[in-house]
Amino acid sequence: MSPTSPAPAARPVLYRNGSVYTAADPFATAMLVDGDTVAWVGSEQAASSIADSSMEVIDLRGALVTPGFVDSHAHLTETGIALDSLKLGSVSSARELLDAVASAGGDGPVLGHGWDETAWQDPTLPTPEELERAAGGRSVYLSRVDVHSALVAGALVAEAQLQDVQGYDGGARVSRAAHAAARRAARRLPESVLRSYQSKALSEAAANGYVALAEMGAPHIGGADDLRSAASWNHAGRGTPAVPEVLPYWGELAASEEQARSLAAQFDVGLRGLAGDLNIDGSIGSRTAALRSSYSDAPDEHGTLYVTVEEAAAHLAACSLAGLQGGFHVIGDAGLDLALAALELAAAQVGEQRVRAAGHRFEHVEMTDADAVARLAKYSVTVSAQPAFDALWGGHGGLYSKRLGERSGSMNQFADFYSAGVPVCFGSDSPVTPLRPWSSVRACLEHHTIGQRISARAAFLGHTRAGWRAARHPNPMAGQLVPGAPASFAVWEVEELMVQVADGRVQSWSTDPRARTPLLPALDTGSDPLCLQTVRDGAELFASPALRS
């Protein structure tokens with residue numbers, strides 16, 4: 001074939017003898033994919049009648065086909081680094097952490113992720129000197145599980161110029177501006193290395209059924225070049241393996257419509273908006289989330305506000321006038337107070353309808369009350385939440401109860417969002433939590449606050465179709481498996497299928513055809529469904545050898 005010859009047309013693929021999650025037919029067992037489009041879904045009998053020699057036929061052997069997952073908040077480079085560096089989630093003391101650092105191979109900076117001192121019996125952190133000795137004189141950067149603070153040592157302190165920077169007190173732990181400076185310094189790596197980290201993250205996502213990820217770029221995370229690099233995977237060209245779609249966001253304040261347009265124009269990558277990790281505040285674990293009243297375990301600390309109401313309002317107004325999605329990272333109740341006040345000020349400046357039409361989004365939104373939920377609904381703000389946060393840190397004795405006391409019982413109010421009509425989508429904030437979509441769906445079903453649990457169907461839609469809508473995808477059929485929709489899906493080996501609801505008083509196993517409800521995997525078995533294949537727009541991103549064996 002000459003370099004200019006078109007690629008041969010892919011054969012239609014008929015999936016049969018399984019289950020297909022589709023609104024077109026709740027008991028569909030087969031699906032035909034033609035190029036980048038779902039051509040048909042239906043019964044096994046009908047599949048027998050349309051099968052012919054022009055098609056590749058895949059026997060699902062009882063497997064489930066669903067729309068592919070969309071991670072509505074992720075960080076590719078950070079995820080790749082976490083996958084390829086010291087994994088510190090299981091260390092339970094400073095001594096174990098130092099032992100892990102001492103075992104690190106290579107001769108460059110020692111990178112690691114995932115430590116959480118709130119799970120240690122003795123939360124005392126190592127000193128810079130101890131870290132440098134353990135690293136044999138190498139620089140050290142170890143991000144906390146929430147990636148809002150880190151442990152640093154060695155030449156990194158001088159390289160990042162941490163002296164006299166807010167969040168650095170001479171100890172090993174850095175937060176706020178000092179953490180941002182340390183992270184940027186630790187990530188000054190060759191472009192080829194950063195690309196390899198992104199590739200690793202995309203491969204991990206594909207192997208877990210993701211067809212798209214919202215990449216949350218910002219100046220304090222990886223800079224503009226990092227976001228351009230991440231988004232460039234969407235146009236990697238022939239000969240490059242297909243990967244999940246990257247939905248790029250840039251978190252930088254705009255003070256005017258002109259500046260908003262200018263910031264967006266610097267990215268020739270299909271930027272989705274000036275939102276994402278544009279931080280109003282920080283995280284609860286690092287005590288940088290802004291609270292109305294002090295932390296329960298640190299009476300002198302209230303967290304940090306990184307922007308003013310006026311700055312946030314100007315940003316939302318500018319984005320609204322430019323027709324761009326704006327938004328913020330916001331976790332604490334005082335942070336949300338600021339964000340909501342900014343919404344109202346922006347609406348007063350440019351009109352409520354412009355603000356609503358822009359489809360702004362707030363990330364995390366963990367601490368809310370009834371008034372806040374109503375105001376989010378009023379302005380049609382999408383909440384991009386992370387269910388695994390509650391699974392990891394909620395409940396009696398968890399991180400939230402340690403940091404917040406009784407306030408921890410009113411966090412991550414998924415059911416209240418749905419009841420009020422607040423648009424919701426879900427993500428992982430990877431590497432903060434792993435790229436495990438079914439675990440995230442399960443976290444919605446098993447929310448520590450019983451009244452905030454939602455059904456598996458609602459959770460699944462929040463992890464799939466809602467992710468496309470939150471990113472304002474132009475195809476309204478994205479995230480569905482119906483004729484004419486994009487062929488973006490995953491195939492799963494499952495133990496059992498059922499209809500699962502959030503209320504334990506309601507029968508949850510019914511397969512009554514009158515319900516017209518597609519079935520999802522049983523998630524109370526203790527294990528997640530196994531991904532057998534991931535396909536985006538008809539291109540295979542991942543396939544297990546078991547699929548076609």
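Helix axes are lines fitted to C-alpha atoms over the stretch in contact, and angles between N-to-C directions run from 0 to 180 degrees. Helices are DSSP runs (H or I, at least four residues), numbered from the N terminus. The model is predicted, with local features requiring pLDDT of at least 70 and side-chain atom pairs counted only at pLDDT 80 or more. Residues are numbered from 1 along each chain as its sequence is written.

Helix α11 (residues 333-350) packs against helix α13 (residues 370-378) at an angle of about 35°, the axes lying 11 Å apart. Leu336, Leu340, Ala341 and Glu344 of α11 form this contact (heavy atoms within 4.5 Å) with Ala372, Arg375 and Leu376 of α13. Five of the contact residues are nonpolar (Ala, Val, Leu, Ile, Met, Phe, Trp, Tyr, Cys and Pro), two are charged (Asp, Glu, Lys and Arg) and none is polar (the others, Gly among them).

A second pair comprises helix α17 (residues 437-445) and helix α18 (residues 456-463), whose axes come within 9 Å and cross at roughly 135°. Residues of α17, including Trp438 and Val441, meet Ala456, Ala459, Phe460 and His463 in α18. The contact of α17 with α18 has eight nonpolar, two polar and no charged residues.

In helix α9 (residues 257-265), Ala260, Leu263 and Ala264 are buried (under 20% relative accessible area, 1.4 Å probe, protein chains only). These buried residues fall within an arc of 95° seen down the axis of α9, so they line one face of the helix; the arc is that of the directions from the axis to the C-beta atoms. On the other side of α9, Glu258 and Ala265 are exposed (over 50%).

Notes. Heavy atoms only, no water. Helix = DSSP H or I, 4+ residues; strand = E, 2+ residues; numbered from the N terminus.
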